[in-house]
Amino acid sequence: MAMGERKTIDLEQGWEFMQKGITKLKNILEGLPEPQFNSEDYMMLYTTIYNMCTQKPPHDYSQQLYDKYRESFEEYITSMVLPSLREKHDEFMLRELVKRWTNHKVMVRWLSRFFHYLDRYFIARRSLPPLNEVGLTCFRELVYKEINSKVRDAVISLIDQEREGEQIDRGLLKNVLDIFVEIGMGQMDYYENDFEAAMLKDTAAYYSRKASNWILEDSCPDYMLKAEECLKREKDRVSHYLHSSSEPKLLEKVQHELLSVYATQLLDKEHSGCHALLRDDKVEDLSRMFRLFSKIPKGLEPVSNIFKQHVTAEGIALVKQAEDAASNKKAEKKDIVGLQEQVFVRKVIELHDKYLAYVNGCFQNHTLFHKALKEAFEVFCNKGVAGSSSAELLATFCDNILKKGGSEKLSDEAIEETLEKVVKLLAYISDKDLFAEFYRKKLARRLLFDKSANDDHERSILTKLKQQCGGQFTSKMEGMVTDLTLARENQTNFEEYLSNNPQASPGIDLTVTVLTTGFWPSYKSFDLNLPAEMVKCVEVFKEFYQTKTKHRKLTWIYSLGTCNISGKFEPKTMELIVTTYQASALLLFNSSDRLSYSEIMTQLNLGDDDVVRLLHSLSCAKYKILNKEPSTKTISPNDHFEFNAKFTDKMRRIKIPLPPVDEKKKVIEDVDKDRRYAIDASIVRIMKSRKVLGHQQLVMECVEQLGRMFKPDFKAIKKRIEDLITRDYLERDKDNPHLFRYLA
């Protein structure tokens with residue numbers, strides 16, 4: 001049949017045909033016996049709509065068909081869907097809803113195919129809502145709006161049942177909640193406003209009830225276990241049936257009710273709170289505490305504060321323990337230097353190891369806990385023990401590890417590891433310059449008296465100190481180690497010189513160590529009256545040194561020298577190892593049998609302190625090479641001394657110790673002097689760049705610049721500023737006494 005002769009279909013007739021197709025679809029959806037649509041049925045329905053929309057006006061029924069499309073849904077929903085939902089409740093209603101929604105989507109899909117021609121032209125031209133949207137909107141307006149609150153309550157009730165441990169149909173919930181999402185057609189408003197808000201409110205109330213009981217009944221670890229388990233379950237809930245966008249909101253609610261609300265009570269629980277967990281080394285519980293509290297805003301601050309208090313208290317207990325041990329030793333009149341301090345430093349290192357492991361492990365390397373550990377150690381690491389500052393204790397500890405015959409017997413690896421830890425501890429000590437000075441004194445003794453056990457370790461700790469405190473900190477110490485290498489070469493050259501010039505021989509074996517003044521601690525160099533035998537040695541070495549360099553002046557430090565002398569006693573001849581001072585005193589008795597205190601003092605040209613020390617070592621100590629009148633334990637200016645010809649000992653070779661002078665006072669004085677120079681230099685540096693500066697700011701900048709080496713005292717800075725004003729480096733502003741100017 002030709003196109004132009006197509007028969008016009010009127011609305012009544014056309015719609016009656018369409019109605020049959022729609023009724024067939026409804027029957028299929030209701031599960032009634034009805035054959036499926038075949039392609040011929042589908043084509044007939046589609047063509048009918050096509051023909052009715054393409055007839056010439058007034059027979060173009062596009063608008064009427066568009067309206068009837070919507071009415072078909074409305075009629076079906078009102079007659080079939082709503083009654084079946086209204087008669088069911090709770091879980092049965094939810095199942096019915098899911099079934100009806102699925103059917104509705106099928107109906108929309110089929111009908112929009114039949115009416116597809118509308119979508120292509122009529123709707124596009126008129127900018128009307130497309131067929132698919134019209135179909136879904138019908139369901140939203142007629143079904144969803146009526147029952148969403150009942151559905152929401154039923155879903156929340158099932159969620160609460162699941163929280164109480166009952167089994168529920170998670171698949172059903174997923175399908176129901178998908179309706180809330182899909183009904184928004186790309187927007188989440190319906191899900192969020194009609195379901196999520198109420199669900200979150202219910203969750204908060206549920207966990208608020210739980211937490212109020214748990215906090216009274218449970219210990220802190222048990223409570224945290226429950227909290228962690230709840231968070232895990234809620235996360236699981238999201239993955240099974242809630243929309244993924246709910247996860248952060250849901251977890252935030254649970255964390256707030258379980259943790260934020262009770263944070264303080266939980267951490268302060270008497271026998272199981274954070275203090276107790278740290279005290280009892282409950283590593284797993286502390287890790288859990290970190291994991292949970294890191295999730296809530298500012299949750300870690302109280303934990304890190306308790307950690308800091310705990311570490312500080314443990315450290316202060318170690319200080320007190322060491323103090324008590326030292327005072328007991330004093331009471332027993334025992335030698336208190338050394339062992340007690342060694343034990344103290346060891347314990348501090350162990351404490352640091354332990355809590356650093358906590359910071360890196362339980363507290364996942366978090367900066368807050370690194371800061372807490374640092375602040376705690378700074379508190380007790382700057383307290384002294386029995387009159388010794390921490391700086392001195394650390395230096396002594398290193399000395400004991402690095403010298404031959406020290407009390408610490410360790411393998412090379414253990415020494416390296418321990419030195420590493422000592423350098424870490426040094427970071428907490430504010431008087432680093434004091435440590436440097438004590439360390440330098442002890443290093444000098446190790447190097448000069450050949451007490452250093454291993455050159456590699458000496459260089460290794462200097463490298464570590466350099467990394468920690470900068471090159472300026474170790475430059476002198478590195479110079480000292482290098483000096484000794486050069487001194488050994490120098491000695492070899494001297495021996496060659498002597499073998500080439502036999503007439504220059506000093507008559508005795510002579511070893512000279514030449515050092516660079518700037519690197520080493522300052523030593524008193526008295527003009528000791530050397531015995532004639534030794535004067536020759538000095539002359540010979542001077543001549544040799546002149547051949548090497550004409551521009552250097554040698555200053556002899558006799559207080560550091562040692563001699564091996566032969567003592568001819570009646571029982572046997574013995575070799576005595578003594579200091580240069582002791583040797584000079586003993587050699588006086590070759591020409592006199594008896595000498596008074598004042599004669600010895602005059603002939604040696606030494607001060608009282610030194611004479612008392614050396615005579616005490618020779619006549620009152622273990623080896624009595626000289627007899628003293630009167631025979632008391634102390635030296636006084638009226639004493640007389642004679643050579644003890646009867647002296648003997650089972651050894652053929654003995655070392656007669658000379659007690660070292662306590663250098664602590666001198667070290668502290670030296671450091672104070674250096675600090676004055678450092679403060680001066682810092683003030684001048686700051687003022688040179690700033691030109692004009694207020695007092696407060698100058699002091700703060702100065703403290704900041706010098707803080708790496710020591711904590712300068714405000715009074716000391718003020719004093720140095722005054723001194724620089726008198727020396728015309730700075731001047732005070734005429735109108736404002738708190739303002740300084742730099743005088744170029």
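**View 1. The lining of the largest cavity is made of nine nonpolar residues, one polar and no charged.** Here Ala, Val, Leu, Ile, Met, Phe, Trp, Tyr, Cys and Pro count as nonpolar, Asp, Glu, Lys and Arg as charged, and the others, Gly among them, as polar. A cavity is a set of points on a 1 Å grid over the protein atoms alone where a 1.4 Å probe fits but cannot get out, and lining residues have an atom within 4 Å of a point. The space inside is about 90 Å³, a volume being what probe spheres set on the points fill, with points joined across faces, edges and corners. Among the lining residues are Phe344, Phe380 and Ser390. This is a predicted model: local features need pLDDT of at least 70, side-chain atom pairs count only at pLDDT 80 or more, and totals for chains, interfaces and linings use all residues. Residues are numbered from 1 along each chain as its sequence is written, and side-chain values use heavy atoms, leaving out hydrogens and water.

**View 2. The second largest cavity has a volume of about 50 Å³.** Look for Leu97, Tyr144 and Asn148, which are included in its lining. By class, this lining has eight nonpolar residues, one polar and no charged.

**View 3. Phe307 belongs to the residues with the most contacts inside the largest nonpolar core, which has 91 residues.** Such a core joins buried (under 20% relative accessible area, 1.4 Å probe, protein chains only) Ala, Val, Leu, Ile, Met, Phe, Trp, Tyr and Cys residues through side-chain atoms within 4.5 Å. Beyond its neighbours within four places in sequence, Phe307 is in contact (heavy atoms within 4.5 Å) with residues including Leu278, Tyr355 and Phe369.

Technical notes
Buried < 20%, exposed > 50% of the residue type's maximum accessible area, 1.4 Å probe, protein only. 1 Å grid on protein atoms, 1.4 Å probe; cavity = no way out; pocket = protein on both sides within 12 Å on 5 of 7 lines; lining within 4 Å.
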